[in-house]
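Subject: Handing over a structure

Hi there,

Here is the structure I promised to pass on to you. Please open it alongside this message, and then read on for what turned up in it.

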Amino acid sequence: MANRKSNKFHQNALVLKQILKRCSSLGKKHGYDDYGIPLDVPKGHFAVYVGENRTRYIVPISFLAHPEFQSLLRQAEEEFGFDHDMGLTIPCEEVVFRSLTSSMVR
């Protein structure tokens, strides 16, 4: 049973790495490193854009392990896809996103 959980975690980690890689296709623009990662994002974090105003949030990579955040990523892929230069856009209201992520920090 532990092996099955470990395998499932490994599969999820690979899928999430692929998602992050696809969303980081911003190219070499000012303020980005050679991999398209924004220079102002600390190691172990990534940027997302939320709500109608596309407010930018920097969130820890550990959020990727939370089922609620994974659900948001699936919704983002369905609604926006990941192959665009707009960054990772989360399709929910900011107040909902803040409430959800604040419960993950605990």
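In which helix does glutamate 77 lie? Glutamate 77 lies in helix α2, where helices (H or I, at least four residues) and strands (E, at least two) are DSSP runs, numbered from the N terminus. Before going further, a word on the source: this is a predicted model, in which local features need pLDDT of at least 70 and side-chain atom pairs count only at pLDDT 80 or more, while totals for chains, interfaces and linings use all residues. Residues are numbered from 1 along each chain as its sequence is written, and side-chain values use heavy atoms, with hydrogens and water left out.

**The overall picture**

The protein has three helices and three strands, and from the N terminus on they follow the order α-β-β-α-β-α. Of its 106 residues, 35% are buried; buried means under 20% relative accessible area, exposed over 50%, and partly exposed in between (1.4 Å probe, protein chains only). The accessible surface comes to about 7400 Å², and carbon and sulfur atoms hold 53% of it (areas come from the Shrake-Rupley method with a 1.4 Å probe; for residues, only the protein chains shown count as cover). Among contacts with a separation of 6 or more, 44% are between residues 24 or more positions apart, a contact being heavy atoms within 4.5 Å.

Proline 91, in the loop between β3 (89-90) and α3, is 16 residues along the chain from glutamine 75, and their C-alpha atoms are separated by 6.8 Å. Not counting residues up to four places away in sequence, proline 91 touches Leu72, Gln75, Ala76, Glu79 and Phe80.

How do helices α2 and α3 meet? The axes of α2 (residues 67-80) and α3 come within 10 Å and cross at roughly 145 degrees; axes are lines fitted to C-alpha atoms, for helices over the stretch in contact, and angles run from 0 to 180 degrees between N-to-C directions. On the α2 side are Glu68, Phe69 and Leu72, which meet Phe97, Leu100 and Met104 of α3. By class, that contact has five nonpolar, no polar and one charged residues (Ala, Val, Leu, Ile, Met, Phe, Trp, Tyr, Cys and Pro count as nonpolar, Asp, Glu, Lys and Arg as charged, and the others, Gly among them, as polar).

Side chains of opposite charge can pair when their charged atoms come close. The count here is one salt bridge, meaning a side-chain nitrogen of Lys or Arg within 4 Å of a carboxyl oxygen of Asp or Glu. Glutamate 94 forms it with arginine 98, and the closest N and O atoms are 3.5 Å apart. Because glutamate 94 and arginine 98 are four residues apart in helix α3 (residues 94-105), about one helical turn separates them. Arginine 98 is partly exposed, with a relative accessible area of 41%.

The side chain of glutamate 94 also makes a polar contact with the side chain of threonine 55 (2.8 Å). A polar contact is a pair of N or O atoms within 3.5 Å; within protein, one must be able to donate a hydrogen and the other to accept it, and residues adjacent in sequence count only if both atoms are side-chain atoms. Leaving aside its neighbours within four places in sequence, glutamate 94 is in contact with Val50, Gly51, Asn53, Thr55 and Tyr57.

**The strands β1 and β2**

Arginine 54 sits in the loop between β1 (45-50) and β2 (55-60). Though not a glycine, arginine 54 has a positive phi of about 55 degrees, and its relative accessible area of 29% makes it partly exposed.

Not counting residues up to four places away in sequence, valine 59 touches Gly44, His45, Phe46, Val48, Phe69 and Phe97.

Happy exploring!
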